[in-house]
Amino acid sequence: METPPGYRALDESSLPGYLAGIDAVIARLGGGPADWQVREVGDGNLNLVFIVTGPAGGVAVKQALPYVRLVGESWPLPLSRAFFEHEALTAQRAAAPAQTPGLFHYDHGMALTVMELLRPHVIMRKGLAAGVRYPRFAGDIACFMAHTLFGTSDLALPAAEKKRRMAVFCGNTALCRITEDLIFTDPYRVAELNRWTSPQLDGIAAEFRADTAAKAAVSELKGKFLTCAEAMIHGDLHTGSIMVTESDTRVIDPEFAFYGPMGFDVGAVIGNLLLAFFAQAGHETDSDRRDGYRTWILDQVREVWTRFEATFLELWRKHPTGDLYPAGLFADAAGQAELERIRAAYMARLFSDSVGFAAAKMIRRILGLAHVEELETIADPDLRAACETGALRLARDMLVNRGSYPTIGDVTAAAPEFLEK
Ligand code: SR1
Ligand code: MG
């Protein structure tokens, strides 16, 4: 494929020679190229990911390919996504250092970033399928979202600075286009890239294609995605973009970052937890353990929102440093009371957005191109279809009847009712 001069896709044998020229990496790994072990471990949809270890430690290396890895060279994709990812990681590291990997090196021409090797972390999606509990997850991800979203919004930044930052990301159009098509459009129409895992879903897929109310609701959300430049969002904050241990949580892969609606990130976390909830029947046969883990997942859904809301409001009350709702305008007692009402309405609207985006994210993972491992790995097609159908029916209700879900407790109370018997 045509690539910029100087770019070459690396592999396990060429990577050590490349890294040998970077002092920060040599210091991290120890020894020299002959002492380093390299493994390509990328299992995502787009990029190459290498783990490199040496006598003194390890690094992770991510390189963009000029096409979509999941589909192949027939779908070209700009290498510039590595630039946007690095910009986003830098901003996230500043806003939420405890949840963001350290950065060691960025090479624009090679579309490549070298970062902290997260060990012994696992991709959270895999941990959820295996029924592992992560006690720190809800608080950590709430902290990450509150700090990155509040901190890059007009509530925290002077308008000119926010506009300067927005301008950095305005070229990430190819990645936004993927979201606009694959999440907000394709699952509701006949599209070449749509797929589902068994004919048992043909009927419900046809229902979505004929569902005018769902199309109207998802289009309203698409409008927010296209126009609401509220904050720098991660843009792909599913459980495959989160690495966890029982004591640490890190967010990776923000190549879809741009200035968009905050609820898109919050909804991604909630929607993907709900997918794990519905997938449990395919992974745990002991009913007590399965029910216990489902309860734990729903507890996390509640905790994520509750702690996000509390941290966001705390930041807003303590650091109202932006040009939106400037503190000086609401200084007296009446102003303070009004500002509290404004905050409550803001959070209610953000919650409603999050419910809608969560639903759209769940539907796309079952009827669109990109699926999730915890559902795809359920071997029995009838059981898998039952899990997927339950998730689709809850998501459809959340999408179309958002007003019926005014609180996170309404979401977690509804989810068990949609489990297929
Ligand atoms: C063609 S890319 C498909 C999906 O992979 C990424 O993780 C994003 O979620 C994207 O929509
Ligand atoms: Mg990704």
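A residue counts as near a molecule or strand if its C-beta atom, placed from the backbone, lies within 6 Å of it. Keep that cut-off in hand for the first stop.

**Before you start**

This is a predicted model: local features need pLDDT of at least 70, side-chain atom pairs count only at pLDDT 80 or more, and totals for chains, interfaces and linings use all residues. Residues are numbered from 1 along each chain as its sequence is written, while chains are lettered from A and ligands numbered from 1 in the order in which they are written.

**Stop 1: ligand 1**

Select ligand 1 and show its shell. The residues around it are Gly44, Asn45, Leu46, Val68, Leu70, Ile178, Thr179, Leu182, Asp236, Leu369 and Ala370. Colour them by class. Seven are nonpolar, three polar and one charged. Here Ala, Val, Leu, Ile, Met, Phe, Trp, Tyr, Cys and Pro count as nonpolar, Asp, Glu, Lys and Arg as charged, and the others, Gly among them, as polar.

Which helix gives the most to this shell? Select residues 173-182: helix H7 supplies three residues, the most of any element. Helices (H or I, at least four residues) and strands (E, at least two) are DSSP runs, numbered from the N terminus.

**Stop 2: the two domains**

Colour 15-116 as domain 1 and 122-418 as domain 2. These bounds come from an automatic or database domain assignment. Their centres, taken over C-alpha atoms, are separated by 26 Å. The contact between them takes 18 residues from domain 1 and 24 residues from domain 2. Two residues are in contact if their C-beta atoms, placed from the backbone, lie within 7 Å. Now select the side of domain 1 that touches domain 2: nine nonpolar, six polar and three charged residues.

Bring the ligand back into view. Both domains give residues to the shell around ligand 1, so the ligand lies between them.

**Stop 3**

Select strand S1 (residues 37-40) and strand S2 (residues 47-53). They pair in the antiparallel sense over four bridges. Two strands pair if DSSP finds at least two bridges between them. Glutamine 37 stands opposite threonine 53 in S2. A hairpin of six residues joins S1 to S2.

Leucine 48 faces glutamine 63 in S3. Four residues lie between S2 and S3 in their hairpin.

**Stop 4: valine 114**

Move to strand S7 (residues 112-116), where valine 114 is found. Buried or exposed? Valine 114 is buried, with 24 other C-beta atoms within 10 Å. A residue is buried if 20 or more other C-beta atoms lie within 10 Å of its own, exposed if 12 or fewer, and partly exposed in between, with C-beta atoms placed from the backbone. Leaving aside neighbours within four places in sequence, valine 114 is in contact with Ile22, Val25, Val59, Val61, Phe104 and His105. For a distance check, pick isoleucine 183, 69 residues away along the chain: the two C-alpha atoms are separated by 30 Å.

**Stop 5: a cis peptide**

Go to the loop between S7 and S8, the place of proline 120. Its peptide bond with arginine 119 is cis, with omega about 5°. Most residues other than glycine have a negative phi, and most peptide bonds are trans.

**Stop 6: helix H5**

Select residues 137-151. Helix H5 has 15 residues and reaches 21 Å from its first C-alpha to its last, close to the 21 Å expected at 1.5 Å a residue. The expected span is 1.5 Å times one less than the number of residues. Of the 15 residues of H5, 13 are buried, so the helix is largely enclosed by the rest of the structure.

**Stop 7: an open sheet**

Three strands form an open antiparallel sheet in the order S8-S10-S11. Strand S8 (122-123) and strand S11 (249-251) stand at the edges with a single partner strand each, so one side of each has no neighbour in the sheet. Strand S10 (residues 242-244) pairs with S11 over three bridges. Valine 244 stands opposite threonine 249 in S11.

**Stop 8: two positive phi values**

Select aspartate 253, in the loop between S11 and strand S12 (258-260). Its phi is positive, about 65°, although it is not a glycine. Aspartate 253 counts as buried, with 23 C-beta neighbours inside 10 Å.

Finish at tyrosine 325, in the loop between helix H11 (287-318) and helix H12 (333-367). Phi of tyrosine 325 is also positive, near 50°. Tyrosine 325 is partly exposed, with 17 other C-beta atoms within 10 Å.
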